Amino acid sequence: MNNKREINIRYISRVEGQDSVLINVRDNTVESVLLNIFEPPRFFERFLIGRRFDEVHYVTSRICGICPIAHVVAALRAVENAIGVEVDEQTKTLRKLLAMSGIIQSHVLHVFFLAAPDYLGYPDAIAMANDYPEVVKKAFKLKKLANEISATIGGRAVHPVSASIGGFLSFPTEEKLMKLKNELIEARKDAEETVKLVARFSFSELIRKQEFVALSKPNEYAIYDGNLVSSEGLKVQEKDYRQYVEEHYFSHSNAKFSNLRNRSSFMVGPLARVNLNYNLLNDEAKRVAEEAGFRVPENNVFKATLARTIEVVHFIEESIKIISEIKIKEVKPTYSWKPGSGIALTEAPRGLLYHSYKIGKSGSVEEADIVTPTAHNAYNIENDIKTIVPKTLILKNEGETKKVCEMLVRAYDPCISCSVHFLNLNVEKDS
Amino acid sequence: MDNKVKVGIFKLTSCAGCQMVIVHLEDSLLEINKYVSFEYFKMATSKNEEMQPVDIALVEGAVTTSEEVEELKEIRKNSKVLVAIGSCATTGGIPAMKNDTSQVELEKYVYKNLIPLTSVKAYGLNEYVPVDAYLYGCPIEGDEFLQLMANLLAGISPRFPAPSVCKECKIRGNYCLLVQGKKACLGPITRAGCNALCPSNGYPCTGCRGPSLDSNPRSLREILLDKGYSQEEIKKLFKLFNSQVSEFVEV
Ligand code: SF4
Ligand code: SF4
């Protein structure tokens, strides 16, 4: 008897964009897993060609409406590296604050609106609001605050406008910053309670040997720049990224898949960051992590959601520090530039983000190359599914398999628009 | 409960930024939820199954594949009111930038191994189906979304005034980026409604909301030529968000 089954999970909801997973199973062994990202390709790298260097961040922001800030910051740094522009400390600090607000916003959205309904058993956050009004209110408050920071520093929450080559075009008033600081101080409690809430979720378990990859710096929890490090001892400078990270393309998906040269897939994102840079988290974040029973290295992929809440606590504290210390000088960017090539690695909410450009003599883009966090993770997601499906098949029915796979994919918070700027769950079982 | 107005939010080729503006409405979203039920909101719910008829379909994104053409027609067939949200859906927006390059060249550049992709030129929704209302911008304005919903719920057809961004800039008392800053600002020819967001933050308007009613791109072109911008630069600028808008392209 041919015991071939096909499990097809079309449209994983509550992930941003469109994807499906197709799993082929024969006699309870998984023959193949195809993570199909069927969002149409968008060809950003091509249509950046010919545009001026000072438009690049503005255009690449439109790769993703959920993490536009990450693309803006990465594009600015890559172009600046290409054209030989150095920015002052204030610009770096404001960009970090902007990037942190982007991460808080994205994490809160994920934890409350995408993951919590799974664990609390609702189709969505709005339905959840009827039974958990306080939880949803808290989430809205945190997210709103993060957006206010983004808008105050960047001019607008979705697709910021004031961050620019060489510096900022507009600056927040002291009054606004003080208001944000007070709200951040008030938000501490909500953020801590979020960690406690999520720590009580009954997480599924998927532990397999895998490599975590994130940026790292000696004296800070890196998000803006740093060396590329891994749990298997990789230590690479930003400029050497392409020598270590390869990309391949599968016909079943519109996104590209990454692996480490001569090695396998790898995981980027909040779990990788917290695992690799735990010691650099501030005391508040470490304390809540300990209270939540989070021990590094935490190898259960599903716990990425808990790592997000720990990062929220961390970035709220860091934002308070920045705002307390900064004395804004309103200097508009002035710079001279020369043609050249440049690379930037940053930590987006979902993990490692790579932008690279070559700027020609006329000031226009001649080459562009972008690898998003979800593209970095896609191959690893497939490998995770290969590991978890056999376990669920024996124990549970197909519906359960689908549910666990969906939750697994969601634990990565895949950002599909991002991955196909140039990412479907179908499980095929033989039965 | 069951006579709530059914709303579907759909995504074609886009960055999801416009949906995010709606998600970011937070408290207002919960308020709206008293009157409407979101039947399709892929990003926020897991109850999306087969397409059931909705009262209001909000569609984000440009149409860039033959599958999307079919999907859009399906949405049109199953909705009473269809609203295009964001510059991608209204005119093709940023995704339409690819229209100038041949498909093969695009794919060659982005994907080393060429595989057949059913990607077509990118257009706004009205290229394929009748559209009842538009929300402009990249991204849309949250307030305009709320106004649209209030109007639709009250059975009023929504109207958004279309003077130029310049008018809002003057009301805000901004320094003029075009005259004083000598920067190529598209404020004079672009539809207001964003409260001159970009110029107010020191960034010239790039025309994301499309042409204002009295838009005169030819005249702006003359001004920019005078200021030393080349025809080529002006063309690129006009085409950033509006490569499918004839007034902007024909200059
Ligand atoms: S109009 Fe802009 S913000 Fe809206 S989906 Fe398109 S690119 Fe994103
Ligand atoms: S100023 Fe121009 S580019 Fe900026 S939001 Fe308004 S219409 Fe769009």
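Chain B of this predicted model is divided into domain 1 (5-154) and domain 2 (165-249), with bounds that come from an automatic or database domain assignment. Residues are numbered from 1 along each chain as its sequence is written, chains are lettered from A and ligands numbered from 1 in the order in which they are written. Local features need pLDDT of at least 70 and side-chain atom pairs count only at pLDDT 80 or more, while totals for chains, interfaces and linings use all residues; side-chain values use heavy atoms, with hydrogens and water left out.

The size of an interface is often given as the accessible area lost when the parts come together. Between these two domains of chain B the buried area (accessible area, 1.4 Å probe, that two parts lose on being put together, summed over both) is about 1100 Å², and carbon and sulfur atoms give 53% of that. On the domain 1 side, B:T91, B:Y136 and B:E141 supply 40% of the area that this domain buries against domain 2, more than any other three residues.

What about polar and charged pairs? Across this interface the rule finds one salt bridge, meaning a side-chain nitrogen of Lys or Arg within 4 Å of a carboxyl oxygen of Asp or Glu. Three residue pairs, both residues at pLDDT 80 or more, are in polar contact across the interface of the two domains of chain B; such a contact is a pair of N or O atoms within 3.5 Å, where within protein one must be able to donate a hydrogen and the other to accept it, and residues adjacent in sequence count only if both atoms are side-chain atoms.

In chain B, the side chains of B:R209 and B:E144 meet in a salt bridge at 3.0 Å, N to O. B:R209 also belongs to the surroundings of ligand 2, together with residues including A:Y58, A:R156, B:C194 and B:C208; a residue is near a molecule if one of its heavy atoms lies within 4 Å of it. Ligand 2 lies between chains A and B.

Now for some backbone details. Most residues other than glycine have a negative phi, and most peptide bonds are trans. A cis peptide bond joins B:C138 and B:P139, with omega about 5°, and B:P139 sits in the loop between β7 (133-135) and α6 (142-154) of chain B. The bond from A:V296 to A:P297 is cis as well, with omega near -5°. B:E26, which is not a glycine, has a positive phi of about 40°.

Notes: Helix = DSSP H or I, 4+ residues; strand = E, 2+ residues; numbered from the N terminus.
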